[in-house]
Every structure is written in C-alpha cells, then in structure tokens.
Amino acid sequence: MKTLKLIALAALALISLTATGQARKGVLHINEVMTINESNFVDDFGGRPAWIELYNSKFAPLEISSVYITTDSTTSPDTWYAVPLHDVNTKLPKRQHIVFWADGMPSRGTFHTNFVLAADKPNEIYLFDSDKKTLIDHVTVPVLAPNTTYARAKDGITVYDKDGNVDVAATWEVRNDIDEGKYITPSSNNVIEDRNDKVEKFADKDPHGFGMAAMAMCIVFSALAVLCIAFMIISKIGGAITKSNKMRSHGIDVKETPREERPDHDSGEEITAIVMALHEHLNAHDNESHVLTINKVKRAYSPWSSKIYNMRQLPHR
Amino acid sequence: MILAQNFFMENLNEFWQFTGFANATWQHFVMLAVGLFFIWLAIKKNFEPMLLVPIGFGILIGNIPFNTTAGLEIGIYEEGSVLNILYNGVSAGWYPPLIFLGIGAMTDFSALIANPKLMLIGAAAQFGIFGAYMVALAIGFAPDQAGAIAIIGGADGPTAIFLSSKLAPNLMGAIAVSAYSYMALVPVIQPPLMRLFTTKKERLIRMKPARAVSQNEKIIFPIVGLLLTCFVVPSGLPLLGMLFFGNLLRESGVTTRLAKTASNALTDIVTILLGMTVGASTQATTFLTKETIFIFFLGFMAFIIASSSGVLFVKLFNLFLPKEKKINPLIGNAGVSAVPMSARISNNLGLEYDPSNYLLMHAMGPNVAGVIGSAVAAGVLLGFLA
C-alpha cells in the first residue's frame with residue numbers, strides 16, 4: 001500500500017513537472033517584429049524603438065513572467081532578457097498580444113528588453129521558458145525596410161509542409177501598411193475578424209437549415225446509438241456474470257448442467273412469496289418512529305401578535 | 001426662508017425623478033402583469049411552482065422602473081450591482097452545469113440501462129430542436145440566433161440558458177422564459193398530440209417489465225456515458241460532464257453526502273438564483289420586442305415538433321420490433337427532457353386507456369435519454385455555430 005502511494009506521488013510529480021515545462025510551449029508565440037521604427041508605434045517614453053509582439057493563442061490567461069527573450073541563444077542565459085516577476089501586466093489575457101520594446105533599456109520597465117535589434121542584418125529571436133532550456137518559439141527575421149514588420153499571416157498559426165517542417169513562406173510575411181491586408185498591427189490581431197465565419201457559411205450555404213438538421217440529427221443519433229450499443233454489450237456481460245455467480249451460489253456447474261435445469265431467473269412471484277414468508281415468520285416490518293409531537297396551542301394572547309404563528313410557521317397548502 | 005423652501009422643493013423634485021412612478025412606461029406595467037401571471041400560475045394552478053415563482057418574482061424585480069442614468073448600480077445590467085453579480089451565473093453560463101450536476105445526482109438511469117434502445121427515442125425527440133431551427137431561419141433569424149432559439153425544443157431550461165448565453169446573449173431572457181413557460185405547459189401541450197398520433201390499439205400496448213439493473217452497471221453508466229458522448233461532442237462537456245458526475249456521486253454508494261448536497265441544497269440554491277435572475281433579466285426595454293413574440297412562437301413549434309417526432313419515431317421503430325417487444329408509443333413524448341413531467345404524462349395517459357398499464361418506468365428511459373440528447377444537441381449547435 002505504501003509502495004503504491006509512493007508510485008502515485010512520483011507519477012503525480014512527474015506529470016506536474018512535464019505540465020510546467022510544456023505550459024507555454026505551443027501557446028506563446030512571437031507574432032510580429034519591427035526592426036526599424038521610424039514613424040510607427042510610440043513607446044511610453046515617446047521614443048520609437050524596434051518592437052517584438054508576443055501572442056497568447058490559448059483561450060485562457062497565460063503568465064509570461066520568467067520567460068526569456070534573446071537574440072543570441074549561444075550566450076549565457078544570464079545575459080538573456082528575463083521578463084520580471086510580480087508585474088500584474090505579465091498575465092496575458094486569452095488570445096491577446098503584448099509588445100516588448102527592443103531598446104536595450106530594461107530599467108524603463110517590464111516591457112523594455114536588454115537588447116536591441118540589428119537594422120542591417122537578419123535577427124534571430126528566441127523565446128525560452130523559465131528553465132532556460134525549453135525553446136518556446138524562434139524566428140529568423142530578415143532585413144526589413146523602415147516601418148515594415150515581419151508578421152505571422154494568421155495570429156499564432158504555424159504552417160507545416162508535407163514533411164512536417166515549418167513552411168516559413170506560408171507562415172510569415174512582410175507587412176508594410178500599404179498593400180491591401182498587409183497592415184501593421186502592434187498589440188492587435190494580425191487578421192482582424194469582424195464576423196463569425198461559421199455563422200456566415202451556414203447562412204450562405206445552408207439558408208433553409210436542412211443541412212444542419214440532417215448533420216446534427218445524425219450526430220445526436222450516433223452519440224446515443226453508440227451509448228445504446230455499449231450498454232447492450234455491458235448488459236449482456238453483466239447478465240452473464242450475474243447468472244454465473246448465481247449458479248455458483250446454487251452449487252451448479254454451468255458446463256455440466258443442461259440449460260433447462262439451471263435456475264436462470266427467479267420470477268417476481270417467487271421473490272414475493274419468499275418476502276411474504278419472511279414477513280410472516282419474523283413478523284418483520286420497517287422501523288418506524290413512534291414519537292408523536294403535539295404542539296401546545298397557547299391562547300393566552302392574540303395569534304396576530306405571536307412570533308410562534310407569524311415567524312416560525314411556514315404555510316402549507 | 002424662501003431659499004430653504006426652494007432647497008426643499010428641489011430635493012423633493014429630484015427624489016420624484018428617482019421614483020418608479022416618474023420612470024414607468026406602459027412596457028413596465030405589461031411586464032409586471034406577466035410576472036404576476038407567472039406567480040398566479042405557480043401558486044393557484046401549481047404549474048412548475050419551483051421555477052415559476054422565482055421567475056415571476058424576478059420579472060417583478062427586473063421591471064421596477066428606476067432612473068437608469070443616475071448610476072445607482074441597482075439594475076441587473078449595471079456592472080457591479082448585486083443583481084449583476086448574481087446574473088453572472090447566467091451570462092457566463094455556470095448555473096446550468098450546476099443544475100445538471102443536481103439532475104445527475106437525482107436521476108436514476110436504471111430504466112434506460114435496462115432497455116438501452118429507449119435512448120433512440122430520446123435522440124428522435126431532438127428533431128424538435130432542428131425543426132424549429134429551420135422555421136427560425138425561414139422567419140429571418142441568423143443561424144446562431146436560430147440555434148439558440150431552437151434549443152427550446154429540447155425542453156430543458158438549463159440547456160437553453162447555457163446555449164443562448166453562448167450563441168445569442170441578447171435573446172437569452174426571452175429564450176429562458178419561453179423554455180420554462182412551455183415546460184410548465186407540457187401537461188397541456190403533449191396529451192392532444194399523443195392522442196392525435198396514436199391509435200387506441202397502440203395505446204394499449206403492454207411493455208415487458210424492465211429487468212433489475214445491477215449496482216455495477218449503474219456505476220459504469222456515467223463513466224461510459226461521459227466518455228462516449230463527450231468524445232463525439234466535446235462541446236457538450238460542461239453539461240454532460242456535470243450530469244454524469246452527479247450521477248456517479250449518486251450511484252457510487254460512497255459519496256452519499258455529496259450526492260445529497262448536489263441534489264438538494266445545491267440544486268435549490270442554484271434554482272432560486274437562476275430563476276430569479278432570469279426573470280429579472282426580462283427588463284421591459286429589452287424584452288418587449290418583435291423578436292420575443294417570434295421566440296415564443298418558435299418555442300411552441302419546437303415543443304410540438306419534439307413531442308410529435310418522439311411519438312412518431314416509436315411507431316416507426318415498432319415496425320421493426322417483434323410483437324412481444326413492441327413499445328407503447330405513448331412513451332414517445334417523454335423523449336423531450338422535461339423530467340419527470342413528460343414521463344408522468346405518458347403514465348397518466350396510459351392509465352386512462354388501461355388502468356393497470358403503468359408506463360412510468362418505461363417512459364423514464366426516453367425521458368432521461370432526452371436530457372442526454374438535448375445536451376448533445378446543444379453541444380452540436382455550439383460546435384457548429386460558436
């Protein structure tokens with residue numbers, strides 16, 4: 001028993017460790033990067049540094065403190081920028097963005113990194129988890145023109161090719177705020193959704209609702225049919241086990257006794273007869289309370305002013 | 001003296017502007033009359049009093065006129081007000097799963113486990129939802145609104161509130177009141193339909209008594225039920241998860257205290273809060289619209305289609321069943337999930353035609369299958385349209 005408990009505890013610890021390591025991987029993404037900011041987004045000090053936008057693709061808040069951001073993963077982790085603890089703003093709401101200013105001035109606040117982005121050469125940006133080993137996300141940003149960004153085509157989405165490798169061309173694109181749909185969107189969705197596509201599609205393709213009715217009824221029927229079949233099987237197995245236990249209790253060998261000689265089921269009449277006999281023999285009946293409660297009615301004063309009648313009695317219909 | 005008199009009059013005038021009399025409109029009085037009607041139905045006619053008393057009184061609370069521009073933080077839609085905090089359980093959709101927990105802890109699924117094919121009747125009755133969806137589209141509702149309205153056909157208040165809070169929050173008040181009103185009217189709506197679609201011979205069909213179900217089967221049911229239904233429709237998880245969890249608390253035999261709390265105290269508390277806040281959400285300004293009339297009409301349609309399709313499905317099913325296993329079509333109406341009201345109606349109607357033909361336990365099968373079916377249907381609509 002003690003060993004079992006130890007094993008369970010160890011398994012629990014292992015699961016929680018794995019869960020911590022995996023918590024931000026796959027849900028926290030580098031979403032958009034601007035390396036030369038001449039006339040774009042202004043920081044809280046009035047400057048225009050380069051910026052890196054992160055995105056939480058989870059449908060739940062995500063704490064990003066103690067995440068590491070760096071442009072050189074070969075250096076000591078001590079030199080990487082660690083997102084500080086105890087800042088309420090590091091809890092990223094569901095499906096929301098946050099912008100980090102790559103100005104090399106971490107003293108300016110939580111969202112100012114200790115490194116700058118190079119303007120004249122590609123930048124590697126790495127996002128590491130608090131263990132400094134788990135790579136959450138990585139992007140190679142090409143040399144960009146001023147006021148252009150390197151952004152995911154769809155927020156938080158990575159496109160893979162047939163071999164399972166990241167399809168960089170399909171995942172990332174250069175945005176210049178001029179071409180149609182190539183808007184620069186710091187702290188906002190790269191793809192702005194102003195309607196529910198699913199509803200629009202149903203309104204367009206299935207205006208009378210026949211498709212929905214047919215599909216949905218099929219699903220409802222199959223869900224309950226699967227349950228029905230499962231319970232037919234379970235009931236058969238259960239019935240067989242009960243029968244076999246009953247035979248055993250009667251001392252009957254199932255293999256040797258012909259089917260017609262087996263006491264397959266007790267009829268309701270037999271059970272009733274047994275119960276009646278027991279009742280007659282033992283004079284048995286349910287235990288009942290013999291306590292009678294009689295409320296004394298005081299007539300000493302008017303019931304209209306009585307707490308007993310007005311506050312403690314619930315009316316019964 | 002004159003200054004003091006002016007000050008006095010100004011304050012009295014200001015006070016007048018805050019009173020219900022100064023802010024009342026005819027819509028408020030209509031809604032107050034509706035609330036009083038609900039309370040009358042519940043107390044005098046005994047129609048679903050557990051629901052209609054809280055809803056009716058909630059309508060009175062929600063329709064006391066007040067100055068909405070004064071920032072008093074008293075209205076149900078004013079952020080931070082007490083009513084608004086209580087309403088969060090409705091708007092964020094966490095009251096309905098708690099009610100489902102209670103339903104699970106109250107419900108004995110033995111009838112269904114003993115005769116699993118009755119589950120299909122529960123599935124067939126869900127056609128009411130999708131039939132009403134088609135009518136709602138024809139009237140001109142958008143697909144997400146149509147889905148939220150159509151769920152009234154599932155005859156399940158918590159499910160209707162849950163789905164409408166996700167798909168069409170602006171219509172939730174009307175949908176909830178409509179769903180609960182029709183649930184209360186099940187004894188009026190269903191019997192004529194059951195008579196219409198069945199012959200006298202069919203009403204006299206006697207069904208074999210259900211076999212006894214072992215404790216192990218009852219314990220396995222919620223676990224297998226959860227795994228199978230939620231793997232098919234994960235979006236139904238909040239409702240189905242709580243329903244089956246509540247049932248496991250009941251059937252496990254080792255959590256009696258929890259099951260009692262879930263089925264009594266917890267359900268009662270949530271029912272009070274849910275009913276009252278749903279009633280209060282029907283503020284005249286947002287409730288008395290053309291859409292509300294359509295919603296009540298569609299809810300009625302959905303109930304009729306659901307009840308009829310359950311009965312007709314049994315008739316169809318009987319064509320494929322051997323003579324000794326035929327099902328009495330009077331239990332088809334119980335496929336809607338108004339538990340146990342619709343099962344009681346099957347029983348009463350059965351007894352009317354044969355005083356020794358008790359259909360209650362047979363009808364409980366499709367009735368509880370209807371609860372599962374409507375939660376699955378809600379999950380499907382949520383998956384398709386959210």
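Which residues does I152(B) touch, not counting residues up to four places away in sequence? The list is A132(B), A160(B), I175(B), S178(B), A179(B), Y182(B), L298(B), G299(B) and A302(B), where a contact means C-beta atoms, placed from the backbone, within 7 Å.

A quick note before going on: this is a predicted model, with local features needing pLDDT of at least 70 and side-chain atom pairs counting only at pLDDT 80 or more, while totals for chains, interfaces and linings use all residues. Residues are numbered from 1 along each chain as its sequence is written, and chains are lettered from A in the order in which they are written.

I152(B) also belongs to the largest nonpolar core, which has 138 residues. Such a core is a set of buried Ala, Val, Leu, Ile, Met, Phe, Trp, Tyr and Cys residues joined through C-beta atoms within 7 Å, and buried means 20 or more other C-beta atoms within 10 Å of the residue's own. Helix 21 of chain B (residues 360-385) gives the most to this core, with 15 residues. Helices here are DSSP runs (H or I, at least four residues), numbered from the N terminus.

Now for where the chains meet. The contact uses 35 residues of chain B and 30 residues of chain A. On the chain B side, helix 21 again gives the most, with 9 residues. That side splits by class like this:

| Class on the chain B side | Count |
|---|---|
| nonpolar (Ala, Val, Leu, Ile, Met, Phe, Trp, Tyr, Cys and Pro) | 25 residues |
| polar (the others, Gly among them) | 7 residues |

Notes
A residue is buried if 20 or more other C-beta atoms lie within 10 Å of its own, exposed if 12 or fewer, and partly exposed in between; C-beta atoms are placed from the backbone. Helices (H or I, at least four residues) and strands (E, at least two) are DSSP runs, numbered from the N terminus. Two residues are in contact if their C-beta atoms, placed from the backbone, lie within 7 Å.
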